[in-house]
Amino acid sequence: MPELRPVGDVVRGVVRVGGGSGFWGDTPEGAAQLVRHGDVHYLVLDYLAEITIALLARARERRPELGYAPDLITQVIGPLGREIASRGIKVIANAGGVNPAGCRDALLREIAAQGLPLKVAAVLGDDVLPLLGDLPARAMDGSAPGPHPPFATANAYLGAFPIAAALDAGADIVVTGRCADSAMTLGALIHAFRWGPDELDLLAAGSMAGHLIECGPQVTGGILTDWETVADGWAMMGFPVAECRADGGFTITKPAGTGGAVTVAGVAEQLGYEVGDPANYVLPDVVCDLREVRLEQLGPDRVAVSGLRGRPRTDSYKVSATYLDGHRATATLLITGRDAARKARATGEALLARTRRLITAAGFSELRETSIEALGAEEGYGPHARPVAREVVLKVAVHHDNACAVEIFAREIHAATTAMAPGTAGGPAGRPKAVPMTRLVSLLVPKTGLSPAFEMDGVRHPVPVRCDGQGTPVTQPPGEPAASAATGERVSAVPLAALAHARSGDKGDLSNIVLIARRPEWLPVIAAQVTGKAVADFLRHAVRGRVERYAWPGLNGFNFLLHEALGGGGVSSLRYDAQGKGLAQVLLDMPVQVPAAWLDDGSLSPDRHIR
């Protein structure tokens with residue numbers, strides 16, 4: 001077993017890593033909770049998402065010294081710096097955004113102001129925008145990338161070894177730009193346990209520890225399918241702690257006395273969050289095989305995770321590149337009364353017709369894209385909706401090449417309150433504004449073209465890149481479970497939620513839904529009826545592309561990958577739910593035929609019947 005590097009007060013070879021932030025703008029209570037009550041050796045803070053990089057790039061355009069997430073300084077090191085230093089906690093954060101050096105400099109100023117003995121390192125090398133012309137970039141499917149305007153940003157998802165190298169050199173705080181979210185935790189474990197680049201199963205385990213805690217309370221009961229079991233703790237949700245061992249085993253838990261719950265169901269849902277093929281979860285340092293994962297409830301708020309496997313890394317980095325594509329605006333109005341949904345639809349169509357007339361008269365071209373949604377009328381359910389709403393929020397969004405044309409739309413919105421449907425009220429936010437539309441393109445670039453490094457005390461330290469991978473993930477048979485239709489003299493229809501729980505995630509214009517049987521013996525009935533084709537048909541109002549189904553034996557379930565499912569994805573979709581957060585909830589209302597005996601004997605909870 002690898003020798004354990006002393007870190008803080010490590011007891012019996014266990015390293016405790018806390019996930020204190022799930023996104024830029026998350027509550028500062030997460031970091032404070034873990035520093036003061038989590039007994040953690042490492043605090044990892046995830047601030048970046050696909051949409052965040054674009055926002056930070058705009059901030060840097062306005063002021064070159066910006067482009068990072070200031071929360072790390074204002075909400076973590078500012079109020080907690082002295083406690084972090086006195087407890088010997090190491091902090092790892094991707095708050096650097098598109099300006100990790102600027103974030104480091106701001107940290108150093110705060111540390112100096114407090115007189116803290118903390119050393120800061122910045123991981124550099126993820127910005128590949130200057131290199132794209134010389135790199136043979138390709139699309140994620142291996143094809144040549146399509147035509148597009150000049151990129152505004154292009155950032156590679158770096159791995160964990162630059163983080164580990166910075167910690168090896170004595171850094172107390174490591175700030176990165178774009179890296180794999182899970183790499184922050186993996187970097188801490190590589191440093192603590194001296195894991196090498198060829199210990200693939202260990203790298204896979206450490207990556208999944210990071211994957212589970214990177215979204216904060218999403219693994220401690222947040223957005224749980226069975227939400228009513230944890231709702232009384234939402235006001236003070238616990239943030240996660242991964243207790244990790246040198247052999248790769250780890251346990252997910254949370255500080256005592258906090259809200260939420262760490263359960264097999266919640267950990268399983270989060271394990272599948274934003275995953276495609278569970279046999280080939282590609283990360284910069286390892287390709288993870290998650291199919292035979294084992295989850296075990298050890299006690300209250302303690303779930304052990306094992307059975308993870310790793311294969312050689314690929315020879316490419318994923319790059320998220322963005323470009324500006326015109327402007328957009330989104331407006332909302334409250335519509336109340338009988339036929340609220342119909343009134344909202346008519347109002348939205350009239351506003352768009354008026355906008356088209358006015359922008360044409362002003363000499364502008366046609367609107368490029370529009371969207372009308374009556375929020376509250378179950379439009380997310382498409383043909384499966386039960387629209388009986390007497391109060392909805394009308395959402396109208398437009399996209400145009402010219403900001404002035406979008407401003408004409410924004411100017412006209414509140415005319416509806418006096419000229420259109422009765423019961424129309426404007427919102428407190430006032431008139432919407434035209435904002436730049438950002439498009440995301442995901443690319444693959446060869447690792448050999450990049451030069452990751454960390455910089456500390458004014459010295460830049462290159463970190464070697466391992467490029468000895470397979471080039472593409474290994475394709476393996478999916479291994480479908482046995483499927484059986486409901487049999488017996490009588491069958492009954494129940495919602496899928498009666499048989500399974502689920503969670504949906506997003507990557508660009510892809511969405512995934514991990515579906516987990518509540519009981520292993522129910523999986524054959526799910527397998528027979530909830531096929532890729534059936535899911536594509538049930539969600540055809542939202543999903544334009546194909547649906548792939550992957551078996552996930554370790555979770556007693558499936559992962560569905562939905563192509564062209566988000567109207568272009570979070571940074572460019574005009575949909576209200578641009579990240580597909582509701583797709584799993586919609587799918588859980590899909591009717592499934594089960595033996596009537598399952599209802600008669602109480603196997604299925606009555607409150608989960610079709611209503």
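# Reading helix α4 and beyond

Biologist: How many residues does helix α4 (residues 100-114) have, and how far does α4 reach from its first C-alpha to its last?

Modeller: Helix α4 has 15 residues and reaches 21 Å from first C-alpha to last, close to the 21 Å expected at 1.5 Å a residue. That expected span is 1.5 Å times one less than the number of residues. Helices (H or I, at least four residues) and strands (E, at least two) are DSSP runs, numbered from the N terminus. Before we go on, this is a predicted model: local features need pLDDT of at least 70, side-chain atom pairs count only at pLDDT 80 or more, and totals for chains, interfaces and linings use all residues. Residues are numbered from 1 along each chain as its sequence is written, and side-chain values use heavy atoms, leaving out hydrogens and water.

Biologist: Okay, which residues in α4 are buried?

Modeller: General idea for helices: with 3.6 residues a turn, residues three or four places apart point the same way. As for the label, buried means under 20% relative accessible area, exposed over 50%, and partly exposed in between (1.4 Å probe, protein chains only). In α4, the buried ones are Pro100, Gly102, Cys103, Arg104, Ala106, Leu107, Ile111 and Gln114.

Biologist: And what do the buried residues of α4 pack against?

Modeller: They pack against α3 (71-87), β4 (120-124), β7 (173-176) and β20 (453-456).

Biologist: Let's zoom in. Why does proline 100 count as buried?

Modeller: Because its relative accessible area is 9%. To see what surrounds a residue, look at contacts, meaning heavy atoms within 4.5 Å. Setting aside neighbours within four places in sequence, proline 100 is in contact with Ala122, Val123, Leu124, Val175, Thr176 and Gly177.

Biologist: Next, charged pairs. How many salt bridges does the structure hold?

Modeller: A salt bridge is a side-chain nitrogen of Lys or Arg within 4 Å of a carboxyl oxygen of Asp or Glu. The structure holds 29 of them. Take lysine 90 with aspartate 172, whose closest N and O atoms are 3.1 Å apart. That pair links distant parts of the chain, 82 residues apart: lysine 90 sits in strand β3 (residues 90-93), and aspartate 172 in the loop between α5 (161-168) and β7. Lysine 90 and aspartate 172 are both buried.

Biologist: What about aspartate 198: with which residue does it form a salt bridge?

Modeller: With arginine 466, and the closest N and O atoms are 3.1 Å apart. These two are 268 residues apart: aspartate 198 is in the loop between α6 (183-193) and α7 (200-213), while arginine 466 is in the loop between β21 (459-462) and β22 (491-495). Aspartate 198 counts as exposed because its relative accessibility is 52%, whereas arginine 466, at 32%, is partly exposed.

Biologist: Now cysteines. How many disulfides does the rule give?

Modeller: The rule asks for a pair of cysteine sulfur atoms within 2.5 Å. By that rule, the count is zero. Cysteine 215 is in no disulfide, and the nearest cysteine sulfur, from cysteine 179, is 13 Å away. Cysteine 288 is in no disulfide either, with the nearest cysteine sulfur, from cysteine 244, 14 Å away. Cysteine 288 counts as buried because its relative accessibility is 0%, and cysteine 215 is buried at 13%.

Biologist: Last one: which residues form a nonpolar patch on the surface?

Modeller: Patches are made of residues with over 30% relative accessible area and no salt bridge: like charges are joined within 9 Å, and nonpolar side chains (Val, Leu, Ile, Met, Phe, Trp, Tyr) within 5 Å. Areas come from the Shrake-Rupley method with a 1.4 Å probe, and for residues only the protein chains shown count as cover. Here Trp24, Ile51 and Leu55 form such a patch, with about 230 Å² of accessible area together. Isoleucine 51 lies in helix α2 (residues 50-62), and it is partly exposed because its relative accessible area is 35%.
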